[in-house]
Structures are given as C-alpha cells and as structure tokens.
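I'd like to walk you through one model, so let me put it on the screen.

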Amino acid sequence: MPELPEVETVRRGLSPAMEGVVIEKADVNRPDLRWPFPDRMAERLIGQRVDRLRRRSKYILADLSSGETLLIHLGMSGRMTVSGDPLGQYAREHPMAQKHDHVVFHMANGARITFNDPRRFGAMDLLPTVTADAHKLLSVLGPEPLGNDFHEQHLIDAFQGKNTPVKSALLDQGIVAGLGNIYVCEALYRGRVSPRRKAGQISAPRVAALVPIIRQVLREAIEAGGSSLRDFRQADGELGYFQHSFDVYGREGEPCRTQECDAVITRITQSGRSSFYCTQCQR
Ligand SMILES: [Zn+2]
C-alpha cells in the first residue's frame, strides 16, 4: 500500500504532465472503484485546466479551473502511468490499453495519464475546491507530518493520557496524517521507542524527539522516491512504488543495525498489523 512518500512521488511524477494543462478527454471505463465515481465525472473533467496538483496525506488533489478539485486515492494497488510526456527528455509511446485501466486522462500537451488498479480499493471524487478540506475523507485528518502544524507540542498534547500503544497512536490519522505502518516502524526504531509502549507513558522529551525523526524518515523516503522517479520515467513511466531499504520493516530475524547491539529484529502483531522492532534498542 503506498504511503505518504510514495504518493508524494506520484504527485511529483504527474506534475510536469498535468499542472497548467487542460484535460482534453477523459475515459472513465467503469462506474466505480472503491466507491461510485461522481456523477458525470468525465464531462466535469473535460476542458478543465489543472491549476495545481497538491497532496494531502495520501490523497492527490488536482485543483481544476472549473472550481472543482479532483481527489485521487491510489488505494492498495493503484498505479498511475504517464506516457507521451511532451517534455522530450522522457517521451515515450502510449502503452497498449491494459486490463484494469479504469480511468485515462488525455492531456492537451499530448501526455496521457492512466490509472490502473487491479484490486479497486482506489477512489476518485470531485469536490468544490473552496470547501475541499471539509470533504469526509479530508476533514478527519490531523496535521501533515512535514507541515508547520506538526510540531513537538502537538504530539505531546496528542499523546497525553493516551492508553493505546504508541504504534497505534502514530497510525491514528487524526493525530498525524499520512503515516503508515512502514514509516511508523522506522521512526520508532530511530527514536528507540518500543511500539508496545503506551503513548501516554512516554516522557515529553522522548515524544518531542520523535517529531524531527518522523520528518527525517519521510524526507529520506521522498528523496529515494525522487531517484526512483528518474528510473521510472526512463523505463515505463509507471509511478507509485519504489524499492527502499528499511532498518526494521520487513527484517524479522535479521540482525539489528544498531552498533553494539547483538539482537535480531522481532515482529509482533498490533491491531492486526505487523510491527518490526528491536527489543533491546527500543524501550
Ligand atoms: Zn538493537
């Protein structure tokens, strides 16, 4: 499942093909993904210019000249492919239509954006730009981890008196938006905090220390996404996933990477999801 850095990478990959460009034609090949598409979606997109392509949590938001915003969620398996990119350097042929190509945008600059999603957990919606923040998917979100509203005092206040494990607290999208399983595991390892520790029982300085760590973990992943983006664009233009090396995530039974630590990484299940951590380094 794409997490915030993957979604940001997709946004950056789409931006040169979409921003400032009119959607000439939109193919909507089925009535729904996870939810029904909005009424007359194709009609409402055609002829509109994408004024701005932004991201909120794991949602890509395309602000259109019509005053509506197209919300895109990749779900579990959604992928966006850019082809015919007119920028020259990365120009590539439009691919043959594939099974699960559910929505295709034909841009006025010759680019084509294909949304393919075999499992159909993805979503698209159209909402008025001015009230976009009030949309049911967006209004519940806490601050962006890379934004100014996510700061030490915010996290300290959010954790105060909280009886849930810190792992669950950081996955709570109302506390901080866009953090998923992978990057929470990585941040807790760097912060040397056990995922099992109750959020309300961690000292304020240790909670505060998690804030720059979370930002750093995400920034590094976005950077890795940036390098993979260059590879993608040279290859098949597909966006959405990239290989990234993790310190604990997916490393059950492998040696801890902390110097002087001879433990191996442990995996436990918390709220139905795997947590990877070092029982020696993380307390
Ligand atoms: Zn260790």
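Let's begin with a cysteine: Cys256 has a relative accessibility of 8%, and because the cut-off for buried is under 20%, it counts as buried. Please keep in mind throughout that this is a predicted model.

So what is Cys256 doing in there? Its SG atom is one of the protein donors of the zinc ion, together with the SG atoms of Cys261, Cys278 and Cys281. These donors lie 2.2 to 2.3 Å from the zinc ion. For those of you who think in sequence patterns, the donor residues follow the spacing C-x4-C-x16-C-x2-C. Cysteine 256 and cysteine 278 link distant parts of the chain, 22 residues apart. Cysteine 256 sits in the loop between strand E9 (238-239) and strand E10 (266-270), whereas cysteine 278 is in the segment after strand E11 (273-277). Cysteine 278 is buried too, at a relative accessible area of 0%.

Now the geometry, which I expect this group to ask about. Which arrangement do the 4 donor atoms around the zinc ion make? The angles they subtend run from 106 to 113°, so the arrangement is tetrahedral. As a reference, the ideal angle for four tetrahedral donors is 109.5 degrees.

What does the record say about this part of the chain? UniProt, in an unreviewed entry, has the annotation "domain: FPG-type" over residues 247-283. In the model, that stretch is 0% helix and 27% strand, with its end C-alpha atoms 17 Å apart.

Taking one of them, histidine 100 is found in the loop between strand E5 (79-83) and strand E6 (101-107). With a relative accessible area of 27%, histidine 100 is partly exposed.

On to the charged residues. Side chains of opposite charge can pair when their charged atoms come close. How many salt bridges does the structure hold? There are 15, and I've picked a few to show you.

Please zoom in on helix H1. Arginine 12 and glutamate 8 form a salt bridge, with their closest N and O atoms 2.8 Å apart. The two residues are 4 apart in helix H1, which means about one helical turn separates them.

Another pair is aspartate 27 with lysine 25, where the closest N and O atoms are 3.3 Å apart. Lysine 25 is partly exposed, at 42% relative accessibility.

My last pair is arginine 190 with glutamate 220, at 2.7 Å between the closest N and O atoms. Arginine 190 is partly exposed at 31%, and glutamate 220 is partly exposed with a value of 31%.

Next, the backbone. Most residues other than glycine have a negative phi. Serine 57 has a positive phi of about 55° although it is not a glycine. Where is serine 57? It is in the loop between strand E2 (50-56) and strand E3 (59-64), and at 2% relative accessibility it counts as buried. Arginine 192 has a positive phi as well, about 60°. This arginine lies in the loop between H5 and H6 and is partly exposed at 42%.

Which residues make the nonpolar surface patch of about 270 Å²? They are Met1, Met76 and Phe121. Methionine 1 lies in the segment before helix H1 (4-18) and is exposed, with a relative accessible area of 52%.

Notes:
Residues numbered from 1 in each chain as written. Predicted model: local features only at pLDDT ≥ 70, side-chain atom pairs only at ≥ 80, totals over all residues. Heavy atoms only, no water. UniProt positions renumbered as here; feature names shortened; annotations may be inferred. Donors = N, O, S within 2.8 Å, 3.2 Å for Na, K, Ca; no water. Tetrahedral: all angles 85-135°; square planar, octahedral: opposite > 155°, others 65-115°. Buried < 20%, exposed > 50% of the residue type's maximum accessible area, 1.4 Å probe, protein only. Patch = residues over 30% accessible without salt bridge, like charges linked within 9 Å, V, L, I, M, F, W, Y side chains within 5 Å. Areas by Shrake-Rupley, 256 points an atom, 1.4 Å probe, with all protein chains shown as cover. Salt bridge = Lys/Arg side-chain N within 4 Å of Asp/Glu carboxyl O.
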